[in-house]
Number of protein chains: 2
Amino acid sequence: MKKNVLIVGAGGVAQVVAHKCAQNNDVLGDIHIASRTKSKCDAIVESVHEKKAMKQPGVLEAHALNALDIEATRDLIRNTGAQIVINVGSAFINMSVLRACMDTGAAYIDTAIHEEPEKVCETPPWYGNYEWKRADECAQKGITAILGAGFDPGVVNAYARLAKDEYLDTVSDVDIVDVNAGSHGKYFATNFDPEINFREFTGVVYSWQNGQWQKNRMFEIGKEFDLPVVGKRKAYLCGHDEIHSLYKNMDGANVRFWMGFSDHYINVFTVLKSIGLLSEHPVRTAEGQEVVPLKVVKACLPDPASLAPEYEGKTCIGDFVRGVKDGREHEVFIYNISDHKEAFKEVGSQGISYTAGVPPVAAAMLIASGEWDVKKMANVEELPPKPFLRVLNRIGLPTRIRDAEGDRDLVL
Amino acid sequence: MKKNVLIVGAGGVAQVVAHKCAQNNDVLGDIHIASRTKSKCDAIVESVHEKKAMKQPGVLEAHALNALDIEATRDLIRNTGAQIVINVGSAFINMSVLRACMDTGAAYIDTAIHEEPEKVCETPPWYGNYEWKRADECAQKGITAILGAGFDPGVVNAYARLAKDEYLDTVSDVDIVDVNAGSHGKYFATNFDPEINFREFTGVVYSWQNGQWQKNRMFEIGKEFDLPVVGKRKAYLCGHDEIHSLYKNMDGANVRFWMGFSDHYINVFTVLKSIGLLSEHPVRTAEGQEVVPLKVVKACLPDPASLAPEYEGKTCIGDFVRGVKDGREHEVFIYNISDHKEAFKEVGSQGISYTAGVPPVAAAMLIASGEWDVKKMANVEELPPKPFLRVLNRIGLPTRIRDAEGDRDLVL
């Protein structure tokens, strides 16, 4: 039983997290939001009040914080009395925020893997390079640390676990598919921080197949999926966080991640990458200025948060899980459909931020209730999936299932 | 009658200029080469000696010079005794180098229009914005200043004048076509300084048609040309320097410039431009660094000089000039074919640098001989074309002609 939430970060996902925490502050208690740029936190606080999102009167405060500064983070956790930290800041701060939680006893939740600025796509399993090195210490100290509790990774891990527990006797394949069929109306934009978005796709594509890590190049393997609501969509084999924990938690099944890309996205990405503009290594201009090209591309692209008002259409993210049930081959597709315009109406963010920001709040609510306050480090598929999916059904991300018996809401 | 040459600049074109000056130092006298980075001049000097390019023993010296510093440029002109300055440095230094020449009495030659860093594609005629404002003073002081004496602008201006003088009674249309059918083997590269190359294509496309400036967008108007040697090639209406003087020197004929582009070039250009990466206006990164995107793109692309060793294939640049001769419609195509590999073998540069660098040396030789030492400012079509084309025939850029009578070397 923990309460009072500190949200670290102030981007599009943090905005969703803040709204959802406010809508559930009867369970979560005080809400604090901290980022390097306090004005961004202030804007989020203002937006929460504007939507009258607070379920009951309570604390909602903005703070300035450099989350790489462990001491400052510890102080903020102690001063605010936060027992739950939701880290939705940049991918570079996981390890320092986790350390501050371990030092103060606060529970830790994040939605994406730790990265070091200079390194792209390290050797698998990625969790083994940073987070899991703190697993023993978390267990010893009784620290609850839930890794990758966004949608993907996060909800899709719970879907995989649910399929294994409830729908199949043995699992042979988990194919996670993430398709954004929405349109933002810009020439080109990324739905997350462009720096993180591109970093995902510039390295080796790792998947788990036949009991080992398989390497491919980005956009090397594409496949058309026939999906509910959004229809037939081409998606490509990508590296992604969830593979790096599911590989060991699905009884040896193949684990692949597929992301939908338009030909236009692929063309722009290919041009930028081929020229070297997606590199995180500095180049020197003729005038002698040292510049990281990727940071300049990011500066030129639209701020992902700015896309929200014009974003239209839906997202479909889910798991095709195949295996054997009662001696016969069986496949289920467990998924969610979200709508960009509805997300904007509710919390002022687009659908991609919505799907990423709601799940860590569900996780926080389960820590608050004790159901997920497991006093150790865990990836989402290591936790009971039903309580999580039940909360998500209630707070904005309902689960559906499609199998031989049809396409329907999942009753949990 | 003037002698001793100061070359300003140390890029691929300057390398060609230095080699060609050395090959003709019996006519041109001492040769000096100056640039911001002296080591680049030293490398050119070394390459000239390596190829044993000096026709006779003589002076060949490298100097450090910031050509925006008029006083330093004046001092260097005086100290070297240079009576002819060939400016093949960046497009931003024309006016300061010209001023230094006007102050010292040296003849001035350049190959491209003056540009201000912050401005792209100003109002036509471009020469009227900067260079021509010094025309009266040049005439008063008896300064020889030959503008745009590369290939295009430069040789193509002489082709237009020759067609008007010798092949047509009245001219209706001048269509200058520049096709590089060579291949450098890189994913993407520009043949000149990427900054200047892209700046040419990001603004309005001005052409002179029906007695007025017509505006188009880049890549809006494309046309297939059937060219000697390189065959059928698609070229696009572009803005280019020579239109901005020919418009008033061709008796009111239409003047258009067409440049060949592959679909791949257009795609890369379109992606970079659409994202804002070709902008000369600074952006601010998330970390607060002020950066000009175009300078970062330049830093990521191959140095044009580095393309030379692998460059294969040929260039075709020429003028389709149409009009009436003896009461009948008539068209001539006056052109040059150059070969990348041959250029590299002779002077260590690729063909594009070769075609741009040989003509200003021919112009210098005509100033040295007195034939073009006109004691005023002139664009190339205002000078007698035959002496120029005769020198070019001899020093590496032979002229050919194709008309109703066939395709042949032009005998002058």
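**View 1. How the two copies are related in this predicted model.**

**View 2. The surface shared by chain A and chain B.** Here, 27 residues of chain A are in contact with 28 residues of chain B. Of the interface residues of chain A, 100% are also interface residues in chain B, so the copies meet through the same surface.

**View 3. The area buried between the chains.** Together, chain A and chain B bury about 2300 Å², and 71% of this lies on carbon and sulfur atoms.

**View 4. Salt bridges and polar contacts between chain A and chain B.** Zoom in on Glu287(A) and you will find its salt bridge with Lys295(B), where the closest N and O atoms are 2.9 Å apart. Between the two chains the count is two salt bridges, and there are five residue pairs in polar contact, both residues being at pLDDT 80 or more.

**View 5. The elements of chain A that touch chain B.** Helix H11 (263-275) and helix H12 (293-300), along with strand S13 (283-284) and strand S14 (290-291), each supply at least two residues of the side of chain A that touches chain B. Sorted by class, that side of chain A holds 16 nonpolar, six polar and five charged residues.

Methods:
Residues are numbered from 1 along each chain as its sequence is written. Chains are lettered from A and ligands numbered from 1 in the order in which they are written. This is a predicted model: local features need pLDDT of at least 70, side-chain atom pairs count only at pLDDT 80 or more; totals for chains, interfaces and linings use all residues. Side-chain values use heavy atoms; hydrogens and water are left out. Contact means heavy atoms within 4.5 Å. Buried area is the accessible area (1.4 Å probe) that two parts lose on being put together, summed over both. A salt bridge is a side-chain nitrogen of Lys or Arg within 4 Å of a carboxyl oxygen of Asp or Glu. A polar contact is a pair of N or O atoms within 3.5 Å; within protein, one must be able to donate a hydrogen and the other to accept it, and residues adjacent in sequence count only if both atoms are side-chain atoms. Helices (H or I, at least four residues) and strands (E, at least two) are DSSP runs, numbered from the N terminus. Ala, Val, Leu, Ile, Met, Phe, Trp, Tyr, Cys and Pro count as nonpolar, Asp, Glu, Lys and Arg as charged, and the others, Gly among them, as polar.
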